[in-house]
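Dear colleague,

Please read them with the model open beside you.

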Amino acid sequence: MAAPEREQLASRMREQAGWCARLGSSLYAHLLEQIALDAGRGGPSAEILAGHSEDPLASALALRLMGAVHRLVLQGEAPALAAHYPSAGGTDRSDAWPAFETLLRERTGDVRALLARPVQTNEVGRSAALLGGFLQIARETGLPLALVELGASAGLNLRWDHFRFDAAGWSWGETDSPVRIACEFTGSLPPRDVAVRVVARDGCDAQPIDATSHEGTLTLQSYLWADQLDRLALLRAAIELARRIPAHVVSGDAAAWIAPRLVARERGVATVVYHSIFWQYMSRDRRAAVKAAIDEAGAGAAAHRPLAWLRLEPVGREGPYEIRLTSWPGGRERRLGEGSPHGRQVHWSDA
């Protein structure tokens with residue numbers, strides 16, 4: 001591999017290392033820094049990553065690599081590295097890089113094959129950032145909600161109304177829910193004295209996952225960061241909840257799927273189209289097609305058949321992650337606040 005390609009790969013790894021450090025994963029931040037050094041000097045990381053230096057940024061190359069290795073750990077195929085991975089019960093706080101590098105050398109072909117898999121997460125914590133929007137819609141319309149999620153992954157967040165949300169001084173949701181999300185809210189607080197009834201849970205994803213299957217559970221867990229046990233616990237609890245609360249997630253293109261679904265909206269129900277950290281993964285043309293379908297449906301909305309578009313998406317590559325709501329009839333656009341990439345830290349504005 002030529003030096004420029006090695007340096008480009010090293011740069012990609014360092015950029016993700018910075019994000020992991022900022023988002024609380026010291027293990028992944030350290031390992032990715034070491035991978036960057038290893039790739040730069042032509043080590044096993046360079047062999048595994050060869051040919052991927054021009055992969056689109058949205059394909060999350062660094063997280064695909066970390067997910068590939070994590071998958072082997074969770075399958076019990078990397079016991080030396082598992083000793084350093086809290087997700088696998090590891091308690092060894094010494095440097096994990098030697099065991100990581102050994103695995104790359106010994107399982108180069110396996111890791112490279114797994115690298116072809118796309119990152120697929122279902123970040124349950126993001127429902128905390130979206131919660132206020134859902135409650136605002138329910139309060140303003142006074143109607144039951146039909147949920148329509150784009151980029152739904154395994155559809156775990158289609159069950160948000162069965163989660164428990166706890167923040168300083170307030171809470172919302174089922175007291176006996178296995179999914180308990182500790183939130184940090186600043187600014188004002190969203191409406192909480194709102195009863196919500198969800199009558200439909202539908203989603204679309206390019207490659208949906210059945211979270212209740214062994215394969216689906218393994219895939220979702222592998223892309224979480226191995227030292228963030230709170231995220232792992234939330235995921236596992238949400239999977240258990242999904243076994244008893246049905247939702248329908250189909251494979252397909254978001255733009256093609258959403259248009260007929262919005263045409264078929266029911267009377268007496270508020271339809272809520274929503275997504276979180278999804279918009280950036282679509283091409284400009286596909287984003288335009290989705291927006292056009294939502295705008296067209298909104299133009300025909302009425303009080304007895306309202307439509308809302310709720311989203312948590314970054315503004316630019318560095319954020320902030322804005323929570324925005326557009327509601328019809330009327331097409332009123334609001335910036336409700338900001339949320340963190342994993343969702344549980346929220347700055348709320350008066351809606």
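Accessible areas here come from the Shrake-Rupley method with a 1.4 Å probe, and for residues only the protein chains shown count as cover. The model is a predicted one, in which local features need pLDDT of at least 70 and side-chain atom pairs count only at pLDDT 80 or more, while totals for chains, interfaces and linings use all residues. Residues are numbered from 1 along each chain as its sequence is written, and side-chain values use heavy atoms, with hydrogens and water left out.

On that basis, the protein chain exposes about 14600 Å², of which carbon and sulfur atoms supply 50%. Of its 351 residues, 55% count as buried, meaning under 20% relative accessible area with a 1.4 Å probe and protein chains only.

The protein chain contains 12 helices and 12 strands, which are DSSP runs (helices H or I, at least four residues; strands E, at least two) numbered from the N terminus.

Helix 1 covers residues 3–22, and its buried residues include Leu 9, Met 13, Trp 19 and Cys 20. The buried residues of helix 1 pack against helix 2 (26–40), helix 3 (44–49), helix 4 (61–74) and strand 10 (321–328), where a contact means heavy atoms within 4.5 Å. Just after helix 1, Gly 24 takes a positive phi of about 90 degrees.

Finally, the C-alpha atoms of the protein chain fill a box of roughly 65 × 45 × 35 Å, taken along the principal axes.

Note on methods
Buried < 20%, exposed > 50% of the residue type's maximum accessible area, 1.4 Å probe, protein only. Expected span 1.5 Å × (residues − 1).
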